[in-house]
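Dear colleague,

I am handing over the structure below, and after it I have set out what was found in it. Could you read the notes with the coordinates open beside them?

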Amino acid sequence: MKSISDVWVNVLKRLSTQLSETTIDTWFDEIEVVTMEDSAFVLHCSNAFKKSTIEARFKKQIKEALKDIFSADLEVKILNDEQLSAYHGVAPDRPGALNESAAFTFETYVVGPSNKLAYAAARAVAERPAENYNPLFIYGDSGLGKTHLLYAIAHQLNLRDPSAKIVYIKGDEFTNELVNAIREGKNIEFREKYREATLLLVDDIQFIAGKQQTQEEFFHTFNTLYESGKQIVLTSDRPPREMTQLEDRLKTRFEWGLMVDVAPPDFETRLAIIKTKAALLGVQLPDEVTGFIAENVTANVRQIEGTLNKILAYRDLLGDKVDEQAVSRAVQDMLKKSNEYVPTPHAIIDYICKYYRLEPEALRGQSRGREIVNARQIAMYLIRRMTNLSLVDIGKEFGGRDHTTVLHSLDKVEKQMRSDPSFAEVVKEITANINAKN
């Protein structure tokens, strides 16, 4: 895995295609990379004027660059000196290792009934790798702290054994790295990176399902590590048996060790999470405010973080007091954003292209190849189902096709879903994965 410093270098490269060298040198020269959380890329800037200018003028472009790199939406946080002190620094880079933040340890993980077993299992794995729970498979909806546990395991193992080779990767990134290795003739280097790991952490393993060559490679990587007594930890949004496109031999292996789920936190746990997250952001909230948030923001930890960030924005940018009125506005904004999430046509097309390993130009073009036509029809069907676009507007997304062509595609997909259960499962899985990007 690339270090977060490498990620920032890549972000600046992308920004250089939109901004002048002088602009980048002027505004980004005092930026330091802090860490990458479950839901955000965290930066630090001591200069308050530059910090506010970047947030106002360039934050959107930074988020777009990160989305290009990770194929996922990440928030961008820029900390001042006081907020930075809450993070207690960043562990040093090590080749092939996860760059952990001290903000994401077992000590900062808020434990409640909904995640108690997952926490205990993760802690046991960190203290005694590969002894009992191998692999450890943690599953649950997005934003419930699965990635925090991966960071915590890595952090704890690094304290015990600084020489341990810890490798962290997301499921879709594993596919991308494999494709690049094949293209560049670096298969040996790719396999050495993963098969020589002391601890392999794979986030969102569900994204390898349906990709034959990726599953083949991961199957052999899994066997090599397991047989050599190395620990494997996987996270997913669902248990293996619900991954319809995952090979049976991988499903079996994923169930060899211990499977634990994380569920949305109860009220008391949400209350503790809010106080912990607020402390990390350098703010102390009145009890009536934390109680109001805990009562109203119930979906996941990521939504709680977003609400706190919104409240701090009201305070810092508008000079508002942190009272129930400000919190109520932030909560309503977050609930509206959560309940009304609609993926863009671009996001749908982008994911389907990655799923079928096609170029967007081919999907939008005139090719009549069977696989491309199939993927194109599914894309049209999902855009119609998941967005508010008309048939005419959907046709425009695909090279100006007329609405009758789009309607034909919708009918064909619906008929095939009714007659072919395996095809229906593919469409269902693609839909779930697109929604998981939210």
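Three strands form an open sheet in the order β1-β2-β3, with mixed pairing, and since this is a predicted model, everything said about that sheet and about the rest of the chain describes a prediction. The edges are taken by β1 (32-36) and β3 (75-79), and because each has a single partner strand, one side of each is left without a neighbour in the sheet. On average, and with direction ignored, neighbouring strands here are turned by 25 degrees against each other. Strand β2, residues 40-44, runs parallel to β3 and is joined to it by five bridges; within β3, the residue opposite Leu43 is Ile78. Lying across β1, β2 and β3 is helix α4, residues 59-70, which runs at about 125 degrees to β3.

Two other helices deserve a separate word. Two packed helices are described by the angle between their axes and the distance between the axes. For α2 (residues 21-28) and α3 (residues 48-57), the axes come within 9 Å and cross at roughly 130 degrees, which makes α2 oblique to α3. On the α2 side the contact is made by Thr26, Trp27 and Phe28, and on the α3 side by Phe49, Lys50, Thr53, Ile54 and Arg57. Sorted by class, this contact of α2 with α3 has four nonpolar, two polar and two charged residues.

Strand β5 (residues 166-170) pairs with β6 in the parallel sense over five bridges, and the bridge partner of Ile169 in β6 is Val202. Strand β7 (residues 231-236) also runs parallel to β6, to which it is joined by four bridges, with Leu199 standing opposite Gln231 of β7. Val202 can also be related to Thr147, a residue of helix α7 (residues 146-160): the C-alpha atoms of Thr147 and Val202 are separated by 9.4 Å, although the two residues are 55 apart along the chain. Thr147 has a relative accessibility of 5% and therefore counts as buried, the cut-off being under 20%.

If residues up to four places away in sequence are not counted, Leu382 touches Ile348, Ile352, Thr387, Val427, Ile430, Thr431 and Ile434.

Most residues other than glycine have a negative phi, and most peptide bonds are trans. The bond that joins Asn134 and Pro135 is a cis peptide bond, with omega at about 0 degrees, and Pro135 lies in the loop between α6 (116-127) and β4 (136-139). Ala130 is found in the loop between α6 and β4 as well, and Ala130 has a positive phi of about 65 degrees although it is not a glycine; its relative accessible area of 24% makes Ala130 partly exposed. Arg357, in the loop between α16 and α17 (360-364), likewise has a positive phi, near 55 degrees, in a residue other than glycine, and at 46% relative accessibility Arg357 counts as partly exposed.

How values were computed:
Residues numbered from 1 in each chain as written. Predicted model: local features only at pLDDT ≥ 70, side-chain atom pairs only at ≥ 80, totals over all residues. Heavy atoms only, no water. Contact = heavy atoms within 4.5 Å. Pairing = 2+ DSSP bridges. Helix = DSSP H or I, 4+ residues; strand = E, 2+ residues; numbered from the N terminus. Axes fitted to C-alpha atoms, helices over the stretch in contact; angles between N-to-C directions. Parallel < 35°, antiparallel > 145°, perpendicular 65-115°, else oblique. Nonpolar A, V, L, I, M, F, W, Y, C, P; charged D, E, K, R; others polar. Buried < 20%, exposed > 50% of the residue type's maximum accessible area, 1.4 Å probe, protein only.
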